[in-house]
Amino acid sequence: MTKKAKSESSPAPELPATTIYLNRELSQLAFNRRVLAQAEDTSVPLLERLRYLCICGSNLDEFFEVRIASLLANRIEGENIDPPELRAALERTSGECHRIVARQYQLLNEEILPQLAHNGIHLLRHEDRNEAQRTWVKSYFEQNVRPLLTPIGLDPAHPFPQVVNKSLNFIIELSGKDAFGRGTSIMIVKAPRVLPRVIQLPDHLSAPGQSSFCLLSSVIHAHISELFQGREIMAYSQFRVTRNSDLWVDEEEVKNLRQALETELQSRQFGVAVRLEVASNCPQHLARLLLDQFGIERNRLYAVDGPVNMVRLAELVNLVEQPQLRFPPFSPTLPHQLIGENIFSVLSRRDVLLHHPFQSFQPVVDFIRSAAHDASVVAIKQTIYRTGMNSDLMEALIYAAQHGKEVTVIVELMARFDEEANINWAVKLEHAGAQVVYGVVGLKTHAKLALVIRREEQALRFYAHLGTGNYHPNTTKFYTDFGLLTSNQELTAEVNEVFIHLTSLSKPRNLTHLWLAPFSLQKETIRAIRNEAQIAREGRPARIIAKMNALLDESVIRALYAASADGVKIDLIVRGACALRPGVAGLSENIRVFSIIGRYLEHSRIYYFRNDLKHDVYLGSADWMNRNLFRRIEVAFPVLDKALKKRVINEGLNPYLKDNTNAWQLDANGQYTLKKARARQKHFSAQQHLMTTLGIPALPPEQ
């Protein structure tokens, strides 16, 4: 081979897209299958298995609200015929969705509920309740439920009521005539949204050591006939409608994004209907009536053997007080160098790397809180994507603004399903005197950055936090993420440049360390991949390891294929959807893809390039998806300290490649297989390893 040939990268083979890319929707559903496998796993504590069932249901809700809604929105206006590729995509996803839902309810009815009963936890239907329990339920219905019910009889004066997205409703068919002598036969009853979906019966109504619960749907079902005196219920079913929940605001036209979004939020609950769930015994004519009413095709009808809103069974998990049926408690650690020390004093000497949830998120809160109370701090800047309704961190920013510090907050109002919380915080921050900016029109600000500017010895010194996860007090306990606290003046100065870019909309200066989307992140990622390919062509070892939530960007995938053809060894740890097809001869035989599904949700994004033993490590907020690389503000940042770089590799990458307990490997056909320990090989879980080495694992509760 000539020297020129060696320097040229092997192009990705020119094959049809369907050959070299896996289907996004099917890959996303395959992820949900892996979550469902956690509910099937008998080694997982029983209440956690039920929680995984609920997570699977929640994931399917969002899949319909976003992905299926998006596919349906691509239909040709005014046409009854879908484009062939759209029709094929809908058919494939429909079949898999039906199979997943059927397995969910089979698990619930045949395994989870019977085993809960064996452990003294009873979810009682009307026929299961004894006389005393029925008396209590009837009283509960009369006092708490019946006053809130408003049956609507369908006639020209009573049109079909508005049905809120994912709400619990009932359709009833009555015999005879109404009070006015008319044959109004169909009634709609909406379950009150203010009432709990899981109701615990008093202790004295259960045997000693036992707990009894019932569903709100069961309570209404048992007593719904009392709403229709003198008429007989001929047919009945609970139902739930899932709607398109993507918000749309013309950001180019509106003058005030927050006000426009507040208006749009009110209409989200009534978007285009995309799925109908009914009870398995729902009569066909009632199901057809509902399908016609909501304009839903029959293949998106789900007749389920249980509650139509399975997600709400998570309330049962929270109500049960049997710790032996949960994961053992776990307490994260604090980095020893921060204990009892001033955080700015520590950071002036060294960077601090935090690995959540194995290490506490509290130092990040303390970083902002200390800045808010430190007389030497003159300014705080932060991005907010998801932070929840209650946040000590946000309260600290409000305190800082109220006490005269320059506080700038980039609040992303379009963070899906967190829009309302973010609007509320934006209002509070503005009232406190903070400068609130809603990001860049047309782009979501997804980067996780916080900057503190402190006056020290007549000069300004920068301190920053850069992370892979949200500033959210709850998700930091259940999501794996990395965060870097640093006072490296080159790195923090570039963080400040990003904030100036976001607030002024000016072109960012040339950034040496940070990869910023939508400008340089994809370009730098592909450059780093091609650099490894060049190294491989020159005969030296080349290696790429990357960890992320999803891999869908075709340009990055093609670069990985080309690098594989050049001999680069590539390992990808992709939790969710992955369009890359690994292990294909001549295309990707040097690429392996794994997915880790365990106690914690894998959320960190890590990009590792061997680069002739320079071991370049980048952390960031971006998956390798087109939306992240071009439709969001994202930042990937290098870990410059050698010891911390080694930690990222040894904690965030290597253990996951060794995992033979929670790791699934993707094959060339898009199928995932659970890795298992070979003969005489010890079982190894990356998450359990990190809990043991980084956290403070507690003793399991007494049986």
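**Reading helices and side-chain contacts**

Tutor: Helix 4 bends by about 35° at F63. Please keep in mind throughout that this is a predicted model.

Student: What span should the 28 residues of helix 4 have, and how far apart are its end C-alpha atoms?

Tutor: One compares an expected span with the distance found between the ends. Helix 4 covers residues 46-73, and at 1.5 Å a residue it should span 40 Å; its end C-alpha atoms are 40 Å apart, so the two values agree.

Student: How many residues of helix 4 are buried?

Tutor: Of its 28 residues, 21 are buried, so helix 4 is largely enclosed by the rest of the structure. F63, where helix 4 bends, also belongs to a cluster in which ring pairs link F63, F64 and Y302.

Student: Where is the kink in helix 5 centred, and what follows this helix?

Tutor: The kink in helix 5 is about 40° and is centred on L108. Helix 5 runs over residues 84-118, 35 residues in total, and reaches 50 Å from its first C-alpha to its last, close to the expected 51 Å. After helix 5 comes G120, which has a positive phi near 85°.

Student: Let us move to aromatic rings. How is a pair of them described?

Tutor: A pair of aromatic rings is described by the distance of the centres and the angle of the planes. In the whole structure, a search finds 12 aromatic pairs. One of them is formed by F170 and Y236, which are stacked, with 5.8 Å from centre to centre and 15° between the planes. This pair links distant parts of the chain: F170 is in strand 3 (residues 169-174) and Y236 in strand 7 (residues 233-243), 66 residues apart. F170 and Y236 are both buried.

Student: Why is the pair of F344 and F367 described as tilted?

Tutor: The planes of F344 and F367 stand at 50°, with the ring centres 5.9 Å apart, so the pair is tilted. F344 lies in helix 11 (residues 343-347) and F367 in helix 12 (residues 362-373), so the pair ties together parts that are 23 residues apart in sequence. F344 counts as buried at 2% relative accessibility, and F367 is buried with a relative accessible area of 0%.

Student: Which charged ends sit over rings?

Tutor: Here the distance to the ring centre is the value to read. The charged end of K428 sits over the ring of W425, 4.7 Å from its centre. In another case, the charged end of K547 sits over the ring of Y656, at 4.8 Å from the ring centre.

Student: How many salt bridges does the structure hold?

Tutor: The structure holds 31 salt bridges. R369 and D366 both lie in helix 12, 3 residues apart, about one turn of the helix. Their side chains meet in a salt bridge at 3.8 Å, N to O.

Student: Which other salt bridge involves R369, and what does that pair tie together?

Tutor: The side chains of R369 and D392 meet in a salt bridge of 3.7 Å, N to O. R369 lies in helix 12 and D392 in helix 13 (residues 392-402), so the pair ties together parts that are 23 residues apart in sequence. R369 counts as partly exposed at 31% relative accessibility, as does D366 at 27% and D392 at 49%.

Student: Are R605 and D623 buried or exposed?

Tutor: R605 counts as buried at 3% relative accessibility, and D623 is buried with a relative accessible area of 3%. Their side chains meet in a salt bridge at 3.0 Å, N to O. R605 lies in strand 24 (residues 605-609) and D623 in the loop between strand 25 (616-620) and helix 18 (626-630), so the pair ties together parts 18 residues apart in sequence. Elsewhere, salt bridges that share partners join D61, R240, R275 and E277 into one network.

Student: Finally, how many disulfides does the structure hold?

Tutor: The structure holds 0 disulfides. C282 is in no disulfide, and the nearest cysteine sulfur, that of C97, is 20 Å away. The sulfur of C578 is 19 Å from the closest cysteine sulfur, in C97, which is too far for a bond. C282 is buried, with a relative accessible area of 8%, and C578 is buried at 0%.

Definitions and conventions
Residues are numbered from 1 along each chain as its sequence is written. This is a predicted model: local features need pLDDT of at least 70, side-chain atom pairs count only at pLDDT 80 or more; totals for chains, interfaces and linings use all residues. Side-chain values use heavy atoms; hydrogens and water are left out. A disulfide is a pair of cysteine sulfur atoms within 2.5 Å. Buried means under 20% relative accessible area, exposed over 50%, partly exposed in between (1.4 Å probe, protein chains only). Helices (H or I, at least four residues) and strands (E, at least two) are DSSP runs, numbered from the N terminus. The expected span of a helix is 1.5 Å times one less than its number of residues. The bend at a residue is the angle between axes fitted to the seven residues ending there and the seven starting there. Rings of Phe, Tyr and Trp (its six-membered ring) pair if their centres lie within 6.5 Å; planes under 30 degrees apart count as stacked, over 60 as edge-to-face and the rest as tilted. A charge sits over a ring if NZ of Lys or CZ of Arg is within 6 Å of the ring centre and within 35 degrees of the ring normal. A salt bridge is a side-chain nitrogen of Lys or Arg within 4 Å of a carboxyl oxygen of Asp or Glu.
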